[in-house]
Every structure is written in structure tokens, then in C-alpha cells.
Amino acid sequence: AGGEHGRVSRPPSSVLADFEARGLVHDTTDRAALAERLSSPVTVYHGIDPTADSLHVGNLVGVLALRRFQAAGHRPVALAGGATGMIGDPGGRTGERALLDPATLAANLRGIEAQLRRLLAFEAGGSGEPGDATAGQAAILVDNASWTAGLGLLDFLRDVGKHATVNQMMAKESVRSRLESTEGISFTEFSYMLIQAHDYLWLHQHEGCDLQIGGSDQWGNITAGIDLVRRRTGDVVHGLTWPLLTRADGSKFGKSVEGNVWLDPRRTSPYAFYQHWMQVDDADVERFLLQLTLLEVDEVARVTALHATAPARREAQRRLASEVTALVHGEGEASAARAASDILFGAGPAEVPEAAYRTLQREVPSTVVDPDRLAEGLDLVVVLAETGLSSSRSDARRSVGQGAVYVNDRRVADESPLLSSADLRHGRWILLRRGRRHHHLLRVGRE
């Protein structure tokens, strides 16, 4: 999905400049040395702990970062943290995480692995849209439980713990902030940094990984791994972090009023996902276009310049919503969500595809109408009261008289309106609206 925007093939060295142009560089190891290392293909990894059975929009920056490296000819490694997920990263939290049982952890791993496979190309040459959209080496997917689960305690203490001082660990921001909190930090979460450091060592030794990337809250864990690799092997490896995704007001991005905005359509429908991006503030939309889509930097500048000429049209938000929804859910779902949004917020329903009505059926209240009843002529006033769009028949008549009722986005002018088969869209649906935002979908059938 979104493959047309991911086809650009770049030289390996260009990826750092591209990250900088997108505002995706917060901390790095020696910049000149990193740039030199990126002049030829590098294996780069990013880890995600399976704390839920789906990724959320806050994870998108990292997954797309791997995809950007892949487009520049590098080899991405997506790490699903089956081991670290059992411990819990203390960063960004004021208290201990709830420990996951093995069955829940396994289910979570299956969920996020499927999403990672959709967003990255895991087969050389690619199969399916993500594979066709990237120009680099095939990605690999690993689970750190595969090399951690069998590691004995004494071996871990000797081979990893011996090379890290408590002083260094306590100086890390993620640990220091928890030490200063009223709840403190358990030894379990204190050890998280060492497990992640061991991941970097293992991937360096077994997969030739020379670069770890992550959000800025991971800098302490990343540098712990860099130090461990240097102490154990003498090799120089690198790290890069990006700023955490936040809104212009500093609030954490990725959560709606109800909670996370998920990539799993069972948790957040493609339509709701699309609408989430449509509501992005003007102050944030350019940054999100740069960091959460595969659009070229020049194209983002063009879109935002056009948006600035008529902000009320929300063209930048429309492009953002279309691009991100297509990446996550596919172009078909993005198109249906876009058309359904147009129906509810301004466009005439006659011009939209059937898939949009199927999307609406999941998103707005709906009622099944017997076709025989419709054939006889259905009193709109009665329907308005039955569907709850009006509180009573008298309220419905008043709304019709005031011109506040619409059938398929056509204002009703008749004082005694009847619905008929001529009002059906795609032979099955009639969309009713009262006022600007109250909708109800009639679905003709016998179920």
C-alpha cells in the first residue's frame, strides 16, 4: 500500500540527510563516523516490545524509519521483543508495567509480526505492495527470546553484567527518573537496559548489525549496547534516535480521547483511523507528512504550501489521512474511508463507490428496511422517528419544514416526503441526515 510513493531508490549515504530534512534526528553517535558508515549498506535494527497485540500510530515512525533505510539500500532488522516484553522498559513510565503471561505475549507477538510484514519487504524482490515499494535488501524479523530464553543467569552476569557499571546504569535518564519517583524501580526493570544491550551485541555478532535506531527515550539503552559491543569485541557501532512524536502543544501523539489509535482494524477501524489524521492540527500536519508518510520532502513542501493558501479546505490533512491509511490498511480501505468521509462531510453520495457505503455501515447507526415496505413508499417522517434522528413524528415534521433533513445529501423540501426505490444508492442504501452531523443509514434487505 502506498507503494507509488516508496519507489525512489537512493544511494545508501543519502538516508542521514533525508532523516535530517524530516526532523528525524535527535541524538546520534559521532555524526561524521555515522555518515561514513552509511556510505555503504549497513544492517540496522529497531526493536518493538509486544505490550499489545497491535502496533499503534506511535510505532509508525520507527517502522517507517526501517523502511526508509531499506529504500536507501540498507538491510533492516525488525526486532519483536519476546524477551524484553516480559520485563518492561522503565522509560516513559512512573510505575512498573504489568508482567505479561506467556500466552498473552505469544498472541501479541503474532499480531505485531503480521503488521510488520505488511509494512516492510521481507522477501528479496518483494511480493505484494510493500515488497514492490522498496528498493533495498530484504528485511528480517527476529524475536530476542530466541537467543535470550536459553541464556543462563551466571552466563548473563559474566558476559553482560560484568561490562556495565551500576554508576553508568543509574545515570541513564530512564532509570534516574524512576529512582526519583515515589514508586522507585524494581531490579527487573533495572535489568532491561542490559537485556537490550545484549540484543545489540548478539545482532552485531550474528547479523552484522552496526546501527540501532529508536525514539529519543531509547538513547540510554542504545548507548549501553554500543558500550557493550565495544567492550566485548572492540568494534565501533552506531546509534541514532528521533524525537518522540508529539503535538505542537507538547502532548503525546498517538492517543485519542479513548486511548491508542491502533493499526489493527479490529481495534481502530480504517474509517476511524482516517478520521484521526483528518483532525490533525495545522501546526502539526507538515511534520506528520514528513515523518509518517513516504512522500518525498519536496512533495510535502508542495502540499503544505498549497494548504497554506486555503487552510479551511484541509488539503494537507486529506493527503496525510490518505497516505497513512493506505500504508497501514491498503489503498482499497483508504479509498473507501475517503469516500465515506466525503459522504458524511460534504460530497454527494451518488458519486461514491459501493465500498464507501459498506464502510459507513460499520461507522454510523443503521437500520434494515424490508424491500416490500420501501416499494409501498416509506414515510420519511415515520422513519426519522423510528431511527432516532428525531425524537417524535412532530419533531420530524418540524425538522423537515425547517429544511434540516437530507436524503442522500439532498435537502428535503416536500412536506409529506416518501422514500422509494429511486432513492437507493447501489441498489441497497439510503443515507439520512439531520442537521450537519446526525446520520443514519437505511439498508434494504430481509435479514
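This tour moves through the structure one selection at a time.

**Before selecting anything**

The model is predicted: local features need pLDDT of at least 70, side-chain atom pairs count only at pLDDT 80 or more, and totals for chains, interfaces and linings use all residues. Residues are numbered from 1 along each chain as its sequence is written, and side-chain values use heavy atoms, with hydrogens and water left out.

**The whole chain**

Display the protein chain, in which there are 21 helices and 13 strands. Helices (H or I, at least four residues) and strands (E, at least two) are DSSP runs, numbered from the N terminus. Of the 447 residues, 51% are buried. Buried means under 20% relative accessible area, exposed over 50%, and partly exposed in between (1.4 Å probe, protein chains only). A contact means heavy atoms within 4.5 Å; among contacts between residues at least 6 apart in sequence, 74% join residues at least 24 apart.

Next, colour the chain by pLDDT, the predictor's confidence in each residue, from 0 to 100. The mean is 88, and 89% of the residues reach 70 or more. Select residues 1-8, where pLDDT stays under 50, and then residues 124-134, where the pLDDT is below 50. Where pLDDT is low, the predicted coordinates should not be read in detail.

**The nonpolar cores**

Select Leu211, Ile213, Leu240 and Trp277. These are the residues with the most contacts inside the largest nonpolar core, which has 54 residues. Such a core is a set of buried Ala, Val, Leu, Ile, Met, Phe, Trp, Tyr and Cys residues joined through side-chain atoms within 4.5 Å. Helix 3 (residues 60-71) gives the largest share of this core, six residues. A second, separate core of 27 residues includes Tyr45, Ile87, Met169 and Leu228.

Keep Leu211 selected and show its surroundings. Not counting residues up to four places away in sequence, Leu211 touches several residues, among them Leu34, Phe69, Tyr200 and Leu240.

**Aromatic pairs**

Rings of Phe, Tyr and Trp (its six-membered ring) pair if their centres lie within 6.5 Å; planes under 30 degrees apart count as stacked, over 60 as edge-to-face and the rest as tilted. By this rule there are five aromatic pairs.

Select Trp147 and Trp202. Their ring centres are 4.1 Å apart and their planes are at 10 degrees, so the pair is stacked. Trp147 lies in helix 6 (residues 145-148) and Trp202 in helix 11 (residues 192-207), so the pair ties together parts that are 55 residues apart in sequence. Trp147 counts as buried, at 9% relative accessibility, whereas Trp202 counts as partly exposed, at 22%.

Now select Tyr357 and Trp429, a stacked pair with 5.7 Å centre to centre and 15 degrees between the planes. Tyr357 belongs to helix 18 (residues 354-363) and Trp429 to strand 12 (residues 429-434), so this pair ties together parts that are 72 residues apart in sequence. Both Tyr357 and Trp429 are buried.

**Leu441**

Leu441 is in strand 13 (residues 438-444) and is buried, with a relative accessible area of 0%.

**Charges over rings**

A charge sits over a ring if NZ of Lys or CZ of Arg is within 6 Å of the ring centre and within 35 degrees of the ring normal. Select Arg267 and Trp262: the charged end of Arg267 sits over the ring of Trp262, 4.2 Å from its centre. Finally, select Arg117, which lies over the face of Phe122 at 5.1 Å from the ring centre.
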